Number of protein chains: 2
Amino acid sequence: MKTDLKKKRIRTENISKRAQNISVSLIKEMSMLADAVRGGGGSRIIPFGQGVPYFDTPEYIKREIIESLQQKDTRAYTLMPGINELRDLVARRLEITHAIKKIDSRREVMITVGCQEAIACALSAVIDDGDEVILFTPGFASHIQQVIHFGGKPKFATLKEIDNWAIDFVKLEKAVTKKTKAILFANPANPTGKVLTVKEVKLLAAFAKKHDLFIISDETYDFLTYDGIPYFSPASLPGVRNRIIVCGSFSKKYALTGYRIGYAFAEQGITSQMMKVHDALVICSPAISQKAAIAALKNSPASEKSTAEFVKGFSENRERICARLDNLGNFFSYQKPMGAYYIFVKYDYPKLDSRQMAQKILNDIHVVVIPGSAFGPTGENHLRFSFGGTPEDIDEGFNRLDKWVASLR
Amino acid sequence: MKTDLKKKRIRTENISKRAQNISVSLIKEMSMLADAVRGGGGSRIIPFGQGVPYFDTPEYIKREIIESLQQKDTRAYTLMPGINELRDLVARRLEITHAIKKIDSRREVMITVGCQEAIACALSAVIDDGDEVILFTPGFASHIQQVIHFGGKPKFATLKEIDNWAIDFVKLEKAVTKKTKAILFANPANPTGKVLTVKEVKLLAAFAKKHDLFIISDETYDFLTYDGIPYFSPASLPGVRNRIIVCGSFSKKYALTGYRIGYAFAEQGITSQMMKVHDALVICSPAISQKAAIAALKNSPASEKSTAEFVKGFSENRERICARLDNLGNFFSYQKPMGAYYIFVKYDYPKLDSRQMAQKILNDIHVVVIPGSAFGPTGENHLRFSFGGTPEDIDEGFNRLDKWVASLR
């Protein structure tokens with residue numbers, strides 16, 4: 001008996017369909033492959049993979065973290081939906097940035113373990129098995145896995161690459177069925193850097209109203225647009241209050257990706273449901289991270305300064321990476337990102353699919369890029385580069401790519 | 001049109017059944033009610049509610065947190081399954097404490113957002129809609145909600161209160177159906193403080209093998225038993241390796257509840273599935289909390305000292321709270337806890353159910369206790385007291401309760 005059991009492996013039928021249907025996003029898989037390569041020695045890894053800002057957490061936030069260690073409540077669970085002060089600060093901030101009247105911070109705002117958990121709570125609260133969620137393709141890899149994890153079916157609406165990733169509203173209409181429950185997108189977008197125009201946002205809101213859909217708005221990069229392009233959230237429109245779920249983040253704006261701190265804002269009928277899910281998944285967001293977020297929102301002059309510095313740095317990185325891509329001739333082609341710090345690059349090398357391509361680049365020259373296939377059915381033959389890293393890493397990565405591309409020819 | 005939409009509330013049919021079927025655990029609800037009472041002024045709130053140790057995070061961990069702020073990777077996502085060093089430390093620790101041979105830390109250990117998220121990942125990976133999970137009643141409130149959240153059906157096996165919450169193996173057998181997929185329990189248990197005997201653990205393992213069930217073992221309080229009672233994990237038994245999922249925590253042992261840091265250990269076929277869920281829910285556990293956990297596991301002499309101090313304090317608290325309960329005569333009756341820092345007290349006051357009782361105690365004398373009904377079908381007419389708080393709070397709480405009980409008579 002004992003021997004039999006020892007021999008027995010986990011059988012597939014014992015694993016949930018939910019888990020079988022999803023995969024680790026290729027973004028994390030590439031990080032893990034890179035870690036294995038790093039362990040094997042050789043030249044330094046150049047990270048164009050996971051989107052981590054190269055800036056360190058601002059000093060005024062670090063000081064607050066150190067001070068918070070003297071406050072005894074930092075060791076303890078916070079209230080399940082978050083520290084009241086932080087929820088108030090998020091509400092007041094959204095009232096200004098999103099032109100929303102009177103947000104009830106106790107009923108409409110919750111603090112989450114990053115934007116990822118906010119979206120998980122939103123999806124769990126609104127979709128049942130077999131419900132459909134519209135995603136853009138290319139779109140953020142984890143959104144696809146999150147929808148499937150909660151029993152939903154992603155329905156993809158293709159973006160117009162040649163038109164700098166504009167929404168194709170004809171295709172969008174065609175993606176709707178009776179089972180469509182929500183539309184989920186990041187704006188500014190990941191992996192394309194697309195920023196929705198005010199007109200597109202208005203049309204999206206009208207579309208959601210017409211088909212009675214929830215709008216799950218991933219606003220992780222709301223602070224990061226280039227060339228003066230305005231950021232406009234659907235939450236700023238009248239009449240969407242009962243269907244909008246804003247999922248926000250402190251990760252990129254304040255260099256806090258490792259702190260796992262984000263928030264959700266929605267009408268109380270939705271938020272109360274999302275809170276139940278949040279309780280079942282994680283109990284509460286980390287107290288020390290919530291205090292870091294309070295520091296960020298309370299110290300407006302300091303945070304405006306650090307954010308402006310970040311935006312300037314990423315803007316310069318954008319020019320740098322575009323110049324280096326141009327330098328490679330027609331091997332790579334791209335649409336210049338309007339926001340975020342990703343560029344979704346098409347490559348001209350039909351021999352390898354994007355997964356093979358990313359693996360080969362990692363193995364050959366220790367440069368991490370993310371396979372385009374992670375980002376939906378139209379992502380193939382592309383690679384995502386993050387330009388959130390240092391200018392030096394961009395240069396070193398492209399010095400290696402220059403030689404590597406030449407060697408392929 | 002605009003007015004119509006503004007008037008329209010969220011309709012129930014737009015919320016997922018999953019969310020509709022669960023509720024915020026009464027533990028968190030009482031915390032929120034207490035917060036509202038606190039906002040109203042009056043006497044200080046005495047917390048016998050949520051289980052937060054009264055000790056502060058040990059200084060050697062705080063020092064490490066401060067130092068980690070100088071390491072640039074603290075700001076960034078860690079690898080999705082956690083920092084390799086921490087996974088190694090957890091593996092080596094479990095090999096010793098659980099007498100497990102050769103744990104593959106890269107494939108069998110993952111770091112989570114507290115034990116809660118470890119259990120969420122375990123449940124999501126093994127149950128589909130309609131699958132049944134056996135829970136003990138009374139048992140941990142959140143386990144019930146977590147099972148329902150992932151589409152599972154809790155099947156309750158009643159513990160024998162008069163026999164100090166011993167497992168009734170006859171009732172346990174009767175709880176099994178063809179749909180039973182797993183058994184989930186905390187040991188030492190919450191809310192009863194029951195510690196499973198070695199014999200009970202062996203019988204449970206045999207039971208799980210007989211019915212081909214996963215064992216999800218919530219080991220949050222593995223360090224906390226009294227009177228020299230040994231702690232014994234089912235993971236220490238041969239032949240359960242392919243069905244055991246150990247969910248552990250740094251929260252209580254190192255006074256890190258607010259840091260949201262725990263871990264899971266299981267055979268790689270299970271862990272690989274849980275990692276996918278973890279990625280979809282939270283990306284990774286907070287880096288700063290992982291570094292706190294590394295400090296805890298690396299500094300054995302310091303951590304052994306702080307843990308011994310905690311255990312001594314809680315042991316004294318146990319004597320204190322039992323003496324104060326005894327002092328109230330037959331209004332309260334209880335089984336003396338064998339571990340953890342909860343006592344599940346039966347009250348003799350048929351006029352009020354446990355929810356009304358907890359609400360009345362909060363309103364009348366600003367003392368937080370948790371209604372027994374939160375802990376399963378046999379929890380009614382009980383209240384859970386945490387004695388994780390300070391001795392002073394225990395005294396003050398019972399000074400108020402003495403008068404309050406007298407006033408009821």
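Two strands are said to pair if DSSP finds at least two bridges between them. The legends below apply this term to a predicted model.

**View 1. Strand 10 of chain A is joined to strand 11 of chain A by three bridges.** The two strands run antiparallel, and strand 11 covers residues 342-347. One bridge can be located by its residues: A:Tyr334 has A:Val345, in strand 11 of chain A, as its partner.

**View 2. An open sheet in chain A is formed by four strands.** Their order is 10-11-14-13, with antiparallel pairing. Strand 10 (332-334) and strand 13 (370-371) of chain A are the edge strands, since each pairs on one side only.

**View 3. Helix 7 and helix 11 of chain B cross at roughly 115 degrees.** Helix 7 spans residues 114-126 and helix 11 spans residues 268-282, and their axes come within 8 Å. The crossing is right-handed. Helix 7 of chain B contributes B:Glu117, B:Ala120, B:Cys121, B:Ala122, B:Ser124 and B:Ala125 to the contact, while the residues from helix 11 of chain B include B:Ile270, B:Met274, B:Val277 and B:Leu281. By class, nine residues of this contact are nonpolar, three are polar and one is charged.

**View 4. Chain A is superposed on chain B by a rotation of 180 degrees.** The shift along the axis is 0.0 Å, and the RMSD is 0.0 Å. The two copies are therefore related as by a two-fold rotation axis. Within chain A, the C-alpha of A:Ile66 is the one nearest the axis, at 3.1 Å from it.

**View 5. The two copies meet through the same surface.**

How values were computed:
Residues numbered from 1 in each chain as written. Chains lettered and ligands numbered in written order. Predicted model: local features only at pLDDT ≥ 70, side-chain atom pairs only at ≥ 80, totals over all residues. Axes fitted to C-alpha atoms, helices over the stretch in contact; angles between N-to-C directions. Left-handed = near helix turned anticlockwise from the far one by under 90°. Contact = placed C-beta atoms within 7 Å. Nonpolar A, V, L, I, M, F, W, Y, C, P; charged D, E, K, R; others polar. Least-squares fit on C-alpha atoms with pLDDT ≥ 70 in both.
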